[in-house]
Every structure is written in C-alpha cells, then in structure tokens.
Amino acid sequence: MGVRHQHLFPILCFLIAALPLARSQDSIYDHLRMYGLPAGILPKGITEFSVEPSNGRFRVKLPQPCNAKFENQVHYDLNVTGTLSPGKVGELSGVLAQDLFLWFPVKDIHVDLPSSGLIYFDVGVVNKQFSLSLFESPRDCAAVDPDDSQPSLRPDDDGVLHPESLFQGNSVAMVR
Ligand SMILES: *[C@@H]1O[C@H](CO)[C@@H](O)[C@H](O)[C@H]1NC(C)=O
C-alpha cells in the first residue's frame, strides 16, 4: 500500500503542475500571447477557433461580421484565418482596416520582438503603425449589416490592390 502511494505522488505532482499549462492554451487569445502577440488583435465574441500546432495555421469564427473601434476601425469577417509565428500573424484573411474612409485588407500584423511598443498592420501598399497598448485586450465588435457596410475597397480578383485606385479614393475622401 505505502509503496503504491509513493508511486502516485510524483504523478499527482505532475498533474497539478501541468494543469495551469493546459489552461493557458484554452483560448485563441492565449495562443496569440504565446506567440508574443497582443490578444486585442482579435475581437471579443469568437465562437470557434482552431490552431494547427505544426504550422501555426489558425481559423476563428465570429457570430457575424463586425467592426471594432481602435484608433481606426477594424473589420472582421465571419471567418478569419492566418498563420501564427513569433511576433507575427501572416497570410491573414478576413481582416480589414479603415483609413481615410477606405477599407484595406490587412495582409499581416506584426510586432517587434523584443517589443518596441509598436504594432504594424501591413495593408499591402504601406505598413500602418499603431501603439501596441491599443491592442492589449480584445475589444467589443459591433455587428455590421453585410449589405450596408461592405468594405468599399477590396483587392481585384487577382488579389492586387492598385495604387491608382487608392489615390482616386483618397481624393474623393478629402473632397467630402
Ligand atoms: C466560413 O468557414 C466555414 C468553414 O469553417 C465555411 O463553411 C463558410 O462558408 C465560411 N463562411 C464564409 C462567409 O466565408
């Protein structure tokens, strides 16, 4: 009897020690933090997510397309996918950032490691930089009517955002 308990003790210790580790990976926000990314780059209200540990591919599902307000508005589609690597979300799909009244698909989001206190949104043409502190925690995401506020600028079918359409768009925005 006594011998059996001696064997159980280390196992019990291991289980207790492993418990917080298991817990720390149970939300997509924890996965982001594990990669050195702020949790606030994804909004509140995520209903489902998956992360492929081998390559960092992730997929999250929201109840509806929605907008979250940071310094700029950020739009999230129903499905958001991308690839997690240290300090970076790459191959992003389903996230758009508003600038000068236009919406730009965000291709990747990255931070400096070690942190510089800045976060960069790569929208293809430029890197927009924001203060990292804006993205510390997930924001409320307000549902948008998909017909009403469909982002006004999407890349062409070939996936290319043409700079000339950007400039046209900007001058329209300024005339307003
Ligand atoms: C979202 O992803 C699911 C698969 O997980 C797919 O069936 C559905 O069509 C996608 N919805 C949109 C709007 O892309």
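**Strand pairing and charged pairs**

Thr81 stands opposite Ser93 in β5. The structure is a predicted model, in which local features need pLDDT of at least 70 and side-chain atom pairs count only at pLDDT 80 or more, while totals for chains, interfaces and linings use all residues. Residues are numbered from 1 along each chain as its sequence is written, and side-chain values use heavy atoms, with hydrogens and water left out.

Strand β4 (residues 73-85) pairs with β5 in the antiparallel sense over 7 bridges; two strands pair if DSSP finds at least two bridges between them. Helices (H or I, at least four residues) and strands (E, at least two) are DSSP runs, numbered from the N terminus. The hairpin of β4 and β5 has 2 residues between the strands, and Gly87 there takes a positive phi near 75 degrees. β5 also pairs with strand β6 (residues 102-105), antiparallel over 4 bridges, and Ala97 has Phe104 in β6 as its bridge partner. These two strands form a hairpin with 2 residues between them, where Leu100 in the turn has a positive phi of about 50 degrees. Strand β7 (residues 108-111) runs antiparallel to β5 and is joined to it by 2 bridges, with Val89 opposite Ile109.

Attention now turns to charge. The count comes to 5 salt bridges, each being a side-chain nitrogen of Lys or Arg within 4 Å of a carboxyl oxygen of Asp or Glu. Asp99 lies in strand β5 (residues 88-99) and Lys128 in strand β9, so the pair ties together parts that are 29 residues apart in sequence. Asp99 is partly exposed, with a relative accessible area of 22%; buried means under 20%, exposed over 50%, and partly exposed in between (1.4 Å probe, protein chains only).

Another salt bridge joins Asp140 and Lys44, with the closest N and O atoms 3.3 Å apart. This pair links distant parts of the chain, 96 residues apart. Within helix α2 (residues 28-34), Arg33 and Asp30 lie 3 residues apart, about one turn of the helix, and their closest N and O atoms are 3.1 Å apart in a salt bridge.

Asp122, in strand β8 (residues 118-122), is buried yet has no salt bridge, and the nearest side chain of opposite charge, Lys107, is 6.2 Å away. Lys and Arg count as positive and Asp and Glu as negative, with His and the chain ends not counted.
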